[in-house]
Amino acid sequence: MHKRVRLVAAIMSSLVLSACANLSVGNLFSHYSAQNSELHQALTAGRYEQAQELLSDSMAGDILDNFEKGRIYLLNQQYSESLSAFELSDDAVRRQQDQATVSVSETAMSISALAVNDNLKTYQPADYELGFLHLYLGLNYLSDNDLEGALVEMRRANQVQEQARKDRVRELESVQQQVQAQGVAPSLGSVLANYPDAGETLQAIQNGYLLYLSALLYEADNDLNSAYVDYRRALAVIPDNLQVSDGTKRVAKRLAMTEDLAKLEQRYGNASYLASDKGRVVVLDERGVVEAMKGWNLTLPISRGSNYGLYSVALPYYANGSTPQFSSVSLNGNRIEGNLLTDVNLMAKQNLTERMPSIVIRQALRVWAKEELRREATKNNPDDIGNALFNVWNTLTEQPDTRSWLTLPGEIYSASAIVEPGEQSIQVEGQNHKFMVEPGRTTLVWLSRQGNNATIWHKQLGNIR
């Protein structure tokens, strides 16, 4: 009986010491992607209202839960609700980043706190997700005709992404210190071989969508120096994007950047201004939904001093999925070709690859801590039923951390066209969206499409020559 009491006490103490807002039956015995599979499927099929009904209020905490809500509300054209949700995420991120360092308990240093899984830890968003947070805050402001508010978010996006990169380095250093303190040595090589770099390095790290939109809005505000900085950054990320190269040449010419312009024109052709009797349409085209992480179990050799063993760990991974095909977009009956701005799947996979050393180290600490708890709870009687119960507990709670922003688009494309002023018509996914373009002016059309559905709106950006 005393051994059973000791077993229950060990398990309950692990829950109490690792208790947080994320403590739930779902997070104990399942993982984020699995719990949100219906939501992901509904959004992929373009069923926005059903996706909204499937949103959770308290699954992953204020940051991630409101990421998902803000995105779904945006697609469902509930702009005030979208803005409110993103602002709640933003506030939660501010509070998180105001903490000087990640605490010992937060990094799961203690054996008891390690006894469950990473889904109970506070979610720390990836830097690319923080970029999208401010991008969508900016788009919400723009949809409400607040160019100044949108520009503030463009500026903040660069700051928070830089801070996130510093935090990622600090986190890796922290878990490495834990390994040294605990004397636990996992074999990283066999794991990391399955997580290769994404390849296109800048495209996997820098958000061309964000940089291009930022440059376009600065240009609309006649802040040509800031526009040129972001056009150049976007061009480094996506050098073959026609809209980015055109914008870079256009602003270089207006700024009289003679040497830069000569190099740009040598590669991309002559710069040109918009004629006063013509109009320009710029289309931002979001397609599909980012892939969801899956979980897999791997047997990992782990040593601590002279002790050595093979332990099963649960890790997240991205499957090699196929890219969905979408119909072409037509402007006034004529097909317009899109140019890739951002591959979000590429960014998500690269982020996971970069985080794998930290993930594996924490997993190694966890399985070793679970083994220590099992030994303590069943010592002096290895045949006790408590031994079997603890093994079942360890197996059921060993869940991969698949948390990520599941409702982001899979890819983003841009397109543009010079048109005769007057009424225009965009045709996409069975919808016919009409809008006006004035002489010498540029109009932005934003659309996001999933399945056979699409959300579309437009804004006048003014005199972008």
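**A buried glycine and some helices**

Modeller: Before you ask anything, keep in mind that this is a predicted model. Let's start with Gly 410: setting aside neighbours within four places in sequence, Gly 410 is in contact with Arg 287, Gly 288, Val 289, Val 290, Thr 342, Asp 343, Val 344 and Asn 345.

Colleague: How many Å apart in space are Gly 410 and Gly 288, C-alpha to C-alpha?

Modeller: Along the sequence, 122 residues separate Gly 410 from Gly 288. Gly 288 is still one of the contacts of Gly 410. From C-alpha to C-alpha, the two are apart in space by 5.0 Å.

Colleague: Does Gly 410 count as buried or exposed?

Modeller: You'll find Gly 410 in the loop between α17 (385-397) and β8 (411-419). Buried means under 20% relative accessible area. Gly 410 has 4% relative accessibility, so it counts as buried.

Colleague: How far apart should the ends of helix α6 be, and what is the distance in the model?

Modeller: Helix α6 covers residues 62-75, which is 14 residues.

Colleague: Why is α6 largely enclosed by the rest of the structure?

Modeller: Let's look at its residues. There are 14 of them in α6. The helix is largely enclosed because the number buried is 13 of the 14.

Colleague: Are α12 and α13 roughly parallel or roughly antiparallel?

Modeller: Helix α12 (residues 208-220) and helix α13 (residues 224-237) pack with their axes 8 Å apart, at an angle of about 155 degrees. Angles over 145 degrees count as roughly antiparallel. So α12 and α13 are roughly antiparallel.

Notes
Residues are numbered from 1 along each chain as its sequence is written. This is a predicted model: local features need pLDDT of at least 70, side-chain atom pairs count only at pLDDT 80 or more; totals for chains, interfaces and linings use all residues. Side-chain values use heavy atoms; hydrogens and water are left out. Helices (H or I, at least four residues) and strands (E, at least two) are DSSP runs, numbered from the N terminus. The expected span of a helix is 1.5 Å times one less than its number of residues. Buried means under 20% relative accessible area, exposed over 50%, partly exposed in between (1.4 Å probe, protein chains only). Contact means heavy atoms within 4.5 Å. Axes are lines fitted to C-alpha atoms, for helices over the stretch in contact, and angles run from 0 to 180 degrees between N-to-C directions. Angles under 35 degrees count as roughly parallel, over 145 as roughly antiparallel, 65 to 115 as roughly perpendicular and the rest as oblique.
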